[in-house]
Amino acid sequence: MVNEGKLIVFGPVPSRRLGKSLGINNIPPKICTYSCIYCQLGRTNNMQINRREFYKPEEIMHAVEKKVKEARERGEPIDYLTFVPDGEPTLDINLGKEIEMLKPLGIKIAVITNASLIWKKDVQDDLDKADWVSLKIDAVNQNIWHRINRPHGSLKLGKILEGISEFAHTFNGELATETMLIRDVNHNTKELEDIADFIAGIDPKKSYISIPTRPPAEKWLIPAREYDINIAYQVFKERGLDTEHLIGYEGNAFAYTGNVEEDLLSITSVHPMREEGIKEFLTKAQAGWNVIEKLIKEDKLVEVEYKDKKFYMRKFS
Ligand code: SF4
């Protein structure tokens, strides 16, 4: 849940999840409840769990109104106003008030949160006001949670998971989850199965699996490889979850350009394709298997196996 700008409002930027998104940076860098090993903003030196005011809600409102007006004058559409700060957005005690103030602009509102404070009733009430909420679920096992998210000392994973379940059952908007995969930390199948079981229990609209695509806080970190990402995808799918990869690619995976290679790379960056699916795709496009061989040779596509079946994925590493 980080962005690269230091302004209160930035964008609109294209987002695969949210279309054209105007980002709202309601937390100054970098105040967070976690210090994730993969955070692209470095380690958290200002760790907090008490909610407070960082900006006046009116200040945020005016900054958003100004950007929306400018975008509208340019004829540029905005699909979502997204709280995606350089820290944890629910630390902002005015979050609910800000969402209420922004609603008259007639644009849907999204919040991307690490969910660490969701056990607080007031945080749930604030998130309830949004149209789309993404919750971070990198681990459901205490040790792994400590290793990957390095939480504030007074946070309890059990309470957070309970809070997530409570919220998921009452939230009327669109719920998404995001799981970051780190090799040798949370990529093992047992933990993935436990994460997927938990996520299946809260029944989100979408579950995203991601890997770090920008320099992480800890240089020793190794992102999961295609093989591991495919396993995670299959484990999630086996539980009926609508799963996609979120791996630094923000194009439209489902808009066919007519260029077979580009289309295959777009689709396989979002989810692995089975061998049969690829064959069907190639037949429709009147192309041959040589396209796949070429993409593999060029190191753009990779073949991975899961339960004796072959899958093809865009190469990330
Ligand atoms: S939740 Fe993790 S990734 Fe997000 S800002 Fe905090 S430390 Fe960084």
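Q: Why does the radius of gyration of the protein agree with a compact globule?
A: The rule for a globule, with the radius taken over C-alpha atoms, is 2.2 Å times the number of residues to the power 0.38. For 317 residues that gives a value near 20 Å, and the protein has 20 Å, so the two agree. Along the principal axes, the C-alpha atoms fill a box of roughly 60 × 50 × 35 Å.

Q: What kind of model is this, and how are residues numbered?
A: This is a predicted model, where local features need pLDDT of at least 70, side-chain atom pairs count only at pLDDT 80 or more, and totals for chains, interfaces and linings use all residues. Numbering runs from 1 along each chain as its sequence is written, and side-chain values use heavy atoms, with hydrogens and water left out.

Q: Why does E88 count as buried?
A: Buried means under 20% relative accessible area with a 1.4 Å probe and protein chains only (over 50% is exposed, in between is partly exposed). E88 sits at 0%, so it counts as buried. Across the protein, 55% of the 317 residues count as buried too.

Q: Where is E88 placed?
A: Look in the loop between β5 (80-83) and α2 (95-102).

Q: What makes the pairing of E88 and T113 a polar contact?
A: The term needs a pair of N or O atoms within 3.5 Å, one able to donate a hydrogen and the other to accept it; residues adjacent in sequence count only if both atoms are side-chain atoms. The side chains of E88 and T113 are joined at 2.7 Å. The E88 side chain also reaches the backbone nitrogen of N114, at 2.8 Å.

Terms used
Helices (H or I, at least four residues) and strands (E, at least two) are DSSP runs, numbered from the N terminus.
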